Amino acid sequence: MLDKALSGSSRYWTWVIALMAIIGIGFVFWVQQMIEGLTITGLSRDVTWGLYIAQLTFFVGVAASAVMVVLPYYLHDYKEFGKLTILGEFLAIPAVIMCMAFVFVDMGQPIRIVNVFLHPSPTSPMFWDTVALFGYLVLNVVIAYVTFGAEKKGIAPPKWIKPIIILSIPWAVSIHTVTAFLYSGLPGRGFWLTAIMAPRFLASAFAGGPAILILLVLLVRKLTKFDPGLKPIFKLAEIVTYAMLVNVFFVLMEIFTVFYSQIPGHMDHFTFLYVGLDGNTTLVPWMWTSTILAAVALFLLLVPKLRRNEKVLPVACGSVIVSIWIDKGLGLMTGGFVPTPTHHVVSYVPTLPEIMITLMVYGVGALILTVLYKIAITEREIIEQVK
Amino acid sequence: MHDAKYIVPGLVAFLVLITLPLWYNAAMGRSAVGPTLQYPEGESQCVLPKDEMKGEHMQILDDWRDEAVRDGERYYVHPDGTTREKSLTNTCLGCHGDRAQFCIKCHDYAGVKPYCWDCHIEPERD
Amino acid sequence: MAKSTRRGFLKLAGVAAVGMGAKPVYDAFARRSAPEQPTPPAEALTAKRWAMVVDTRKCLREHGCTDCITTCHLVHNVPDFGNPKDEVKWVWKEQFEHGFPEQHNEFMSDDLRHKDVLLLCNHCDNPPCVRVCPTQATWKREADGIVMMDMHRCIGCRYCMAACPYGSRSFNWRDPRTHIAKIDEGFPTRTRGVVEKCNFCAERLVRGEIPACVEACKAKALAFGDLEDPESEVRDLLSRHFNIRRKPGLGTQPEVYYIV
């Protein structure tokens, strides 16, 4: 199986080497961080989580979104997604690994990470997040390995895998719910203290994740002989449309509650993000970019003619991804910390080393994704040829 | 055997690599015999018998640390009935005052780098 | 055939690796038993619930006094990096409107609004930082309610800093040793990558000494004692003067009280 990733065109190898170069450069900065400490990031006493944990949040969503192809295929027997499920699962695996890597690079004492298992703390959402993520990784590896192996041999997957696949569906929901609990259970952070944090996370995940999958599948169609057809892609686009609508709806719900109740401890964070507070407008352009992109995406997705246009769909998906990445990443993190508990308005700007280390983890994720997709697609091409 | 021309040199290279520390030490003239440690004078008994201390001191320190810091159990009752404070600085170094001739010598030999002194302050000795 | 054997081996190795990881987790759960009764030395100061009362009327901060802060940071080897980004602090001053952002009224006297108040860890009765810690590196002592930090166990995830509604926790973004003017041998420094905060001078209480800041205050604006003891000074102060706590609505039950 793995040997399929070891032979490829020069284009494949150029891409692999480019990714390795990015990982290599990022690694140098990570070594610097290991030597000097997290002081080389833009984080501070007031904004203690930033780019790294924002990526964790975003990619937990991407990982969870595999359920959007698994569920219709296995529970509703929606056959069109048959060829996509493996690509969904092969997207979830690097996404979970990236999540773990982002937690790892964010820790002050990474060598002590085993303490989470040596001193398990059931009251901590972070403990449960670790458990949920590990479990989800194992589930996806097992499911992908077994179903793909069976398909390769041209036989039906063994019966015992079905309950495991069904289990992976609520498990996917759980990883993002527990990730939301990281934030939504903290008494002093008005921005995060909202019961729709988990639903909001799920909605944005089910919009952003499938949007990434659509882009990947369109790319695969272009670059290889493997073609799952346009029908499942357009079905995915419908899922993105609904999820994005729900996501925007949830954000508006938050805005109503916060600004109608006018409780300063909740309102100040939104004010800081969208118009600036005490003259600090660091994130205002970002948040409005996110808002405009969300509007553009919704327009392109809601008009059926545009959504089913192969040229327009990637633009809509790209807008969804960037919009959510800003909102769920930078906005959610910094917005939660500013204003601070002592009501100071501070700025957080990621530094170059921090960005390079983030790119390193992106590189690792892209590399794993490339290898997995290469295997899946090469095997598929062989199956098609045999037919 | 298929591919013997790759496998045999590969195996040889592997053997050389994993035995490298032995060759390296032989070349640098290091002996495999452990260092001679200086034991405190006039003390016959450590917290536990010598052999147990040799193998378990790190675990004992770890347990003491947790018990003293976390549970407030600051005293250890010695098998001979006397009580000792669970303290690296006061109890351990109280006898093994010359760290260079005891702790460090052996840790260097074993290639261990405990990070206690990154935070704890080594007491001054005359 | 050879191929499937290799694959089988890899699978087995993977399962074995997971199995090896399960053992320490099981052990950790199995080990969890109630600790024996702590054995404080005879000279130690003990209480059922330690608390502090800050009399902001007496505090001489406007007159430039920083004795409590300086002393605390000196005896606890708190580094001074000279910039707010890397800053580490155990006790510090903040204007009233920042210390009590929900309690500053429109026509409050400028005196009070801009008055510096002393802020520190509240040693909450119901501490959110303890709840969220994934390794129990921070915990509340059953005996006297002090919220402690175990620097040996902290993994530096900073979840406690996000959970603390008072901004009482600091992280060692860089090696602190190089920025301590004079190292006090009586207390360890910290290592890079761990969180720290005020510990109500637990190391002094066990030696029979009151907290360093309380001792250092020449205006006698700080009182420290046992809330469960009706005869204590803190109880006396609280019963005779109007007092407030920071963000009481959050249910954290701070054990630091302010007389205003």
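# Reading a predicted three-chain model

User: How many other C-beta atoms lie within 10 Å of C:Gln253 in this predicted model?

Analyst: C:Gln253 is partly exposed, and its place is in the loop between strand S9 (243-244) and strand S10 (256-259) of chain C. A residue counts as partly exposed when its number of such neighbours falls between the limit for exposed, 12 or fewer, and the limit for buried, 20 or more. For C:Gln253 the number of other C-beta atoms within 10 Å is 14.

User: What is the phi of C:Gln253, a residue that is not a glycine?

Analyst: The backbone of C:Gln253 takes a positive phi although the residue is not a glycine. This residue sits in the loop that joins strand S9 (243-244) to strand S10 (256-259) of chain C, and its phi is about 55 degrees.

User: Is A:Asp77 buried or exposed?

Analyst: A:Asp77 is found in the loop between helix H3 (67-74) and helix H4 (82-106) of chain A, where its phi is near 55 degrees, a positive value in a residue other than glycine. There are 9 other C-beta atoms within 10 Å of A:Asp77, and a residue with 12 or fewer counts as exposed. A:Asp77 is therefore exposed.

User: Which loop of chain A holds A:Pro339?

Analyst: The peptide bond that leads from A:Val338 to A:Pro339 is cis, with omega near -5 degrees. As for its place in the chain, A:Pro339 belongs to the loop between helix H13 (312-337) and helix H14 (352-386) of chain A.

User: How many nonpolar residues does the contact of H8(A) with H9(A) have?

Analyst: Among the residues of H8(A) that meet H9(A) are A:Phe206, A:Leu213 and A:Ile214, and the residues on the H9(A) side include A:Ile233, A:Leu236 and A:Phe250. Sorted by class, this contact has one charged residue and two polar ones, while the number of nonpolar residues is 19.

User: What is the handedness of the crossing in which H6(A) passes H7(A)?

Analyst: The axes of H6(A) and helix H7 (residues 161-184) of chain A come within 9 Å and cross at roughly 150 degrees, which makes H6(A) roughly antiparallel to H7(A). By class, the contact of H6(A) with H7(A) has 20 nonpolar, six polar and one charged residues. The crossing in which H6(A) passes H7(A) is left-handed.

User: Which chains share the most contacts?

Analyst: No contact joins chain A and chain B, whose closest C-alpha atoms lie 12 Å apart. There are two pairs of chains in contact, and the pair that shares the most contacts is chains A and C.

User: Which element gives the most to the side of chain A that touches chain C?

Analyst: The contact takes 34 residues from chain A and 47 residues from chain C. On the side of chain A, two or more residues come from each of helix H5 (115-118) and helix H6 (125-153), and by class this side divides into 14 nonpolar, 16 polar and four charged residues. The element that gives the most, with four residues, is H5(A).

User: Which helix supplies the largest share of the side of chain B that touches chain C?

Analyst: Here 13 residues of chain B are in contact with 15 residues of chain C, and helix H3 (50-70) and helix H6 (116-119) of chain B each supply at least two residues of the chain B side. That side divides into five nonpolar, two polar and six charged residues. The largest share, three residues, comes from H3(B).

User: What distance separates the centres of domain 1 and domain 2 of chain B?

Analyst: The domain assignment of chain B gives domain 1 as residues 1-33 and domain 2 as residues 38-126. Taken over C-alpha atoms, the distance between the centres of these two domains of chain B is 38 Å.

User: What percentage of the residues in chain C is buried?

Analyst: Chain C has nine helices and ten strands. Among its contacts between residues at least 6 apart in sequence, 65% join residues at least 24 apart. Of the 260 residues in chain C, the buried ones make up 42%.

Conventions:
Residues are numbered from 1 along each chain as its sequence is written. Chains are lettered from A and ligands numbered from 1 in the order in which they are written. This is a predicted model: local features need pLDDT of at least 70, side-chain atom pairs count only at pLDDT 80 or more; totals for chains, interfaces and linings use all residues. Domain bounds come from an automatic or database domain assignment. Two residues are in contact if their C-beta atoms, placed from the backbone, lie within 7 Å. Ala, Val, Leu, Ile, Met, Phe, Trp, Tyr, Cys and Pro count as nonpolar, Asp, Glu, Lys and Arg as charged, and the others, Gly among them, as polar. Axes are lines fitted to C-alpha atoms, for helices over the stretch in contact, and angles run from 0 to 180 degrees between N-to-C directions. Angles under 35 degrees count as roughly parallel, over 145 as roughly antiparallel, 65 to 115 as roughly perpendicular and the rest as oblique. A crossing is left-handed if the near helix is turned anticlockwise from the far one by less than a right angle, and right-handed if clockwise.
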